[in-house]
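Let's take a walk through this protein together. Have a look at the sequence and the 3D view below, and then follow along.

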Amino acid sequence: MTILEAIQSRRSVRKYIDRPIDKALVAILQDKIDEVNKAGNLHIQLVTDESRAFKGKMAYGTFSGVSNYFAMVGKKEGDLSERIGYYGEQLVLLAQSLGLNTCWVGLTYNNIKEAYTVSPGEKLCCMIALGHGDDPGRNVKRKTASQVSNASDATPAWFNDGVAAALLAPTAINQQKFHFEYIAPGPDGIHRVKASRRFSLVGYTHMDLGIAKYHFEAAAGKENFEWI
């Protein structure tokens, strides 16, 4: 499965079956974690066979059967949430390509301190549930390209493709509070894209923007533009 196929097929899944993740798949995921931790200066950790984080008062009625997850940890820095989103979505799409299911989780989990490490100066930003889904996930209503960008018949096809992929990105309560603006080349001949957040009472817009930016890049091609 390609990244674009994973983007198309991914759904947020909250119910999982009691089935361990194959060790070969765990190894592939761990290799990717090592890669994104280095690239993003993060401390993401994969936790397997641990069911307490998604049981009890915090997770009651929301998730079931979760015993594997990514603990999304990093140093407390200004752009941490966006980097968590950008690099975490790479793990989500890899998991999808491996036949696994996922769900970004902002609040409804328990902090199981002995299951992962949060060093001094670091923060646990969220978790990503992981495993073999017990339902296909929901199709949710999406905004239109005109609501989140200046995409039109006049903007490049790669930009329009990037916006279409960003619209498939998971966001907190499906709020999609992001915007992509195409900026035509100046004398240097470089196409540029400005990605920005919109106001939200819910929050998580930095993280959502990071997720959406990775989707955009995957479809648009990083070689076609620069971020500003």
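Lys-213 and Glu-82 form a salt bridge, with their closest N and O atoms 2.9 Å apart. The term stands for a side-chain nitrogen of Lys or Arg within 4 Å of a carboxyl oxygen of Asp or Glu. This pair links distant parts of the chain, since Lys-213 sits in helix H6 (residues 205-220) and Glu-82 in helix H3, 131 residues apart. Lys-213 is buried, with a relative accessible area of 15%, whereas Glu-82 is partly exposed at 23%. Here buried means under 20% relative accessible area, exposed means over 50%, and partly exposed is in between (1.4 Å probe, protein chains only).

Before we go on, a word about the source: this is a predicted model, in which local features need pLDDT of at least 70 and side-chain atom pairs count only at pLDDT 80 or more, while totals for chains, interfaces and linings use all residues. Residues are numbered from 1 along each chain as its sequence is written, and side-chain values use heavy atoms, leaving out hydrogens and water. Helices (H or I, at least four residues) and strands (E, at least two) are DSSP runs, numbered from the N terminus.

How many salt bridges does a search of the whole structure find? It finds eight. One of them joins Glu-77 to Arg-83, again with the closest N and O atoms 2.9 Å apart; Glu-77 is partly exposed at 38%, and Arg-83 counts as buried at 12%. Glu-50, Arg-52 and Glu-114 are linked in a network of salt bridges.

Now turn to helix H2, which spans residues 23-40. Just after the helix, Asn-41 takes a positive phi of about 55°.

Which residues of H2 are buried? They are Leu-25, Leu-29, Lys-32, Ile-33, Val-36, Asn-37 and Gly-40. These residues are on the same side of H2 because they cover an arc of only 140° around the axis, taken from the directions from the helix axis to the C-beta atoms. An α-helix has 3.6 residues a turn, so residues three or four places apart point the same way. The face turned away from the buried side carries the exposed residues Lys-23, Asp-31 and Lys-38. What covers the buried residues includes strand E1 (45-47), strand E2 (68-75), helix H3 (80-97) and strand E4 (122-131).

Technical notes:
Expected span 1.5 Å × (residues − 1). Contact = heavy atoms within 4.5 Å.
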